[in-house]
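Colleague: I'm new to this one. Can you walk me through it?

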Amino acid sequence: MGPRNVKKKLQVGISALTALAALTVAPVAANAAASGTTTAGSSAGTAGTHAAHHDCGSNMSWCTEVEDSETLYGEGHYVGHDEPSVLFYSNKAGSGNNDTYTVRLPTDPKTQPKQDGSGSTWNFQLHPAFWFGMAMCDDQSAPGPGQGNAACKPDSDSNIYNDSDPASPHYIGKHPGGAYMEMQFYPPGWAPWPAGSSCDATKWCAALNIDSLSRNYNTGVDNNASCLNAAGVEYVNFAFLTKNGQATSPADPTNNNRFNLDAAHDYFMNSGDVLKLHMFDTGAGFKVEIDDQTAHSRGSMTASVANGFAQLKYDPTATSCTTLPSAYHPMYSTSSEQTRVPWTAHSYSTAYADETGHFEYCAAADPNTGNCTQAAGGSTLDADDNGCFNPSDSLLARIGGCVGNAPTDDDYNGVPYQLTWPGTGNPAADRATKPSPIIFSSPTFRDGQQFQRVAFETDLPRIEDNGTLPVPCNRTTGANCVNPPPGAQFYPYFTTTRMDGSCVWQEGGAHIPGTTNHFGGSSQAEFGGLLGLVYPGVGGPHYLYNDFRNVLDGNPCRNAQ
């Protein structure tokens, strides 16, 4: 159906335990970091007909939201990544490729959640991940691989191609190939990775995650079936941050072992720790460093050939899949409304985003299908009660729940859409039963320069185009696209406070103690109106309303302000 309302929903029971098994098999190309690797396969791929060991069509929380999931994964297939975000803009060189944040990891209440929903709320229930993002170069990725588009020049605004006129030399369909980097943090205390969201019972972990797309948007042709079967149409380079900066398994998107933890070498952090997060380019590749100022420890990862990062050669007629060992580098020099990755739902490059909308209570789940068999928390069973875990699967909090793989929580009645966030109730009750907020600063770049402007953005229109809703969002006209989403009691937004004498951002409701600016006091006021974006397509461009966005005139929360 592409950019039209979804009339039906693909009801697929994705087993959480089956997914866990699939993601721990031997790697297809464990040695891809050393040389180009070819994997035997069959005929060329066509849209919506392929499967993969790792499949972003199953709504894995580490995947980037695409502009239209039906176009990629088939008629009626809904994928929903709910991602409220803060965007940072500056026209100065370095703002798009060298950013430093201060982050305080949130804490959980002392009391645990209860299966009936009457207990506390923990971080894993509100967000399986939160992340800091940046656009990357990938010449094998959309929008036009294999057709002679200009090569992506790292760290350069020469990659901006956003014109809607196909005759323009900077038509968006001629945009250099792009990927999107998400520096992701994962909360402790529940079902373990890779099918679950937790790396440890009490500690946080983090991963460098880069998503690319094996499709030519101008022709509608996907990569060959061998590559699609090995890595999916949206392929993901992935490496946990480690103590020594060396990946414990190649990040190569055809290596399924890359999602497995190595507790002896991977980097862990405690709830409440204050971090300095530095993301910047190097000759070897884009690098992330975390300096834990509370624990006095450090973890890092570089998107380098040595760490197994690779691109998948776009060759639709090939009968085998070729991996190209590749260092990833930032795409842009600056950050603005123009610095996009043109196949994603969002409009941004430099940004913070929260991955929310992925928890519903479930008292019992079928271990073979991953579907919930006994509802809990006051809800009834429906199609989005899939990707479920039993209480015995948890590392600490002994409750069962569903993360909603295919589809996600598309009726917006799960825990993240209730008054379960910090700042949504009485401060004393919030402290006892809700997690503390994620706190992060506006980034600085290079030698401490400040970002000039800020924007708020959420992709609610994108995820409200689903067949569960009585009246879905029409992303072509903008009709019936609403904030909060239908069925939600609450939708999180961003406020400011002060930490160590500096202005910082926090996420939740308007009543977090110490709040200095609540930007209207509601998600509607903060995220603003509909944003129309142009996308390339077969026969020419099309426009979609995938987001609400509100661009401020300045930056009301400068670092150290």
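Colleague: Start inside. By class, what residues does the lining of the second largest cavity have?

Modeller: This is a predicted model, so keep that in mind. The lining has three nonpolar, three polar and three charged residues.

Colleague: Which residues line the second largest cavity?

Modeller: T64, E65, E83, W131, Y180, E182, T344, H346 and Y348.

Colleague: What is the volume of that second largest cavity?

Modeller: About 60 Å³.

Colleague: How many cavities of 30 Å³ or more does the count come to?

Modeller: The count comes to five.

Colleague: Now pockets. What volume does the second largest pocket have?

Modeller: Its volume is about 260 Å³.

Colleague: Which residues lie nearest the centre of that pocket?

Modeller: G117, Y361, V415, Q418 and T420. The lining of the second largest pocket has 18 residues in total.

Colleague: And how does that pocket lining split by class?

Modeller: There are 12 polar residues, four nonpolar and two charged.

Colleague: Switching to sheets. In what order do the four strands of the open sheet run?

Modeller: The order is β18-β17-β20-β19, with antiparallel pairing. In general, strands of a sheet pair through backbone hydrogen bonds.

Colleague: Which strands stand at the edges?

Modeller: β18 (372-375) and β19 (388-389). Each has a single partner strand, so one side of each is left without a neighbour in the sheet.

Colleague: Take β18. How many bridges pair it with β17?

Modeller: Three bridges. Strand β17 covers residues 360-365, and the two strands pair in the antiparallel sense. A364 stands opposite Q374 in β18.

Colleague: Is the link of C388 and C402 left-handed or right-handed?

Modeller: It is right-handed, with 100° about the S-S bond.

Colleague: Why does C388 count as buried?

Modeller: C388 counts as buried because its relative accessibility is 2%, and the cut-off is under 20%. C402 also counts as buried, at 2% relative accessibility.

Colleague: How many disulfides does the count come to?

Modeller: Eight. Each is a covalent bond between the sulfur atoms of two cysteines.

Colleague: What about C137? Which cysteine does it form a disulfide with?

Modeller: C152, with the sulfur atoms 2.0 Å apart. That link is left-handed, with -60° about the S-S bond.

Colleague: Where do C137 and C152 lie?

Modeller: C137 lies in strand β4 (residues 129-137). C152 lies in the loop between β4 and β5 (178-186), so the pair ties together parts that are 15 residues apart in sequence. Both C137 and C152 are buried.

Colleague: Next, C227. What does a disulfide join it to?

Modeller: C321, S to S 2.1 Å. This pair links distant parts of the chain, 94 residues apart. C227 is in helix α4 (residues 225-231), while C321 is in strand β15 (residues 320-325).

Colleague: Are C227 and C321 buried or exposed?

Modeller: Both are buried. The link of C227 and C321 is right-handed, with 100° about the S-S bond.

Colleague: Two single residues before I go. In which strand is N216 found?

Modeller: N216 is found in strand β7 (residues 215-216). N216 counts as buried, at 3% relative accessibility.

Colleague: Leaving aside neighbours within four places in sequence, what is N216 in contact with?

Modeller: P143, G144, P145, Q147, V221 and Y314.

Colleague: And F494? Where is that found?

Modeller: F494 is found in strand β25 (residues 493-499). F494 is buried, with a relative accessible area of 0%.

Colleague: How many residues apart in sequence are F494 and V86?

Modeller: They are 408 residues apart in sequence, but 8.0 Å apart in space, C-alpha to C-alpha.

How values were computed. Residues are numbered from 1 along each chain as its sequence is written. This is a predicted model: local features need pLDDT of at least 70, side-chain atom pairs count only at pLDDT 80 or more; totals for chains, interfaces and linings use all residues. Side-chain values use heavy atoms; hydrogens and water are left out. Buried means under 20% relative accessible area, exposed over 50%, partly exposed in between (1.4 Å probe, protein chains only). Contact means heavy atoms within 4.5 Å. On a 1 Å grid over the protein atoms alone, a cavity is a set of points where a 1.4 Å probe fits but cannot get out, and a pocket is an open set with protein on both sides within 12 Å along at least five of seven lines; lining residues have an atom within 4 Å of a point. Grid points are joined across faces, edges and corners, and a volume is the space filled by probe spheres set on the points. Ala, Val, Leu, Ile, Met, Phe, Trp, Tyr, Cys and Pro count as nonpolar, Asp, Glu, Lys and Arg as charged, and the others, Gly among them, as polar. Two strands pair if DSSP finds at least two bridges between them. A disulfide is a pair of cysteine sulfur atoms within 2.5 Å.
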